[in-house]
Amino acid sequence: MAAMAALQSSMTGLSLSSNSFLGQRFSPITFPSLLPGKSTEKQCPIVMKLKRWERKKCKPNSLPILQKMHVKLGDTVQIITGSERGKVGEITRIFKHNSTVIVKDLNLKTKHVKSREEGEPGEIIKIEGPIHSSNVMLYSKDQKVASRVGHKVLDNGNKVRYLIKTGEIIDSSENWKKLKEETTKKPEEAAAAAA
């Protein structure tokens, strides 16, 4: 009973007049930055703009979470499901935000292209469609067999991928040199073609 009386007396002491808060705007609270002239937040550029139906979980900096994949650019793979099942090709492009790959000359889709200029006819072209990375397996050209991929560390300390069925090492230094040469040639060829 005494507690209730004490509570009521404290509440009456807190009575506020109606004009103390009404009609006044609160100023936003600002916190001083740690270093003068520098913002504490990092601005991150957007790497890839996703379509509405492709939205994925994002990191705190609003970039999509990139998936780890068992295949890399330039790998020879065999398609294990779908209409192209059993066909073998080389990976030409990788999309890490949705774990898809494009295999050279496989999974062809028909695209209708509008004419860009007057008098120029439209055309129907075939383009390679993306395939989910779980629908392809690494392929050994020597033994003509598809296999899962494993990882091991060599004597010299290099971590490499290998085919589990055959033991064949995929990540050799020769393969990486070929890929680097091809990627450096493409921009040079484009510049030569434009000139």
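**View 1. Thr76 stands opposite Glu90 of strand β2.** This is a predicted model, in which local features need pLDDT of at least 70, side-chain atom pairs count only at pLDDT 80 or more, and totals for chains, interfaces and linings use all residues. Residues are numbered from 1 along each chain as its sequence is written, and side-chain values use heavy atoms, with hydrogens and water left out. Strand β1 (residues 76-79) pairs with strand β2 (residues 88-95) in the antiparallel sense over 3 bridges, where strands are DSSP runs (E, at least two residues) numbered from the N terminus and pairing requires at least two DSSP bridges between the strands.

**View 2. Strands β2 and β3 form a hairpin.** Strand β3 (residues 100-103) is joined to β2 by antiparallel pairing over 4 bridges, with Val101 as the bridge partner of Ile94 and Val103 opposite Ile91. Between the two strands lie 4 residues, and Ser99 in the turn has a positive phi of about 55 degrees.

**View 3. An open sheet of 6 strands runs in the order β6-β3-β2-β1-β7-β8, with antiparallel pairing.** Because β6 (131-132) and β8 (145-147) stand at the edges with a single partner strand each, one side of each is left without a neighbour in the sheet.

**View 4. Val136 touches residues that include Val71, Val77 and Val101.**

Key:
Contact means heavy atoms within 4.5 Å. Lists of a residue's contacts leave out its neighbours within four places in sequence.
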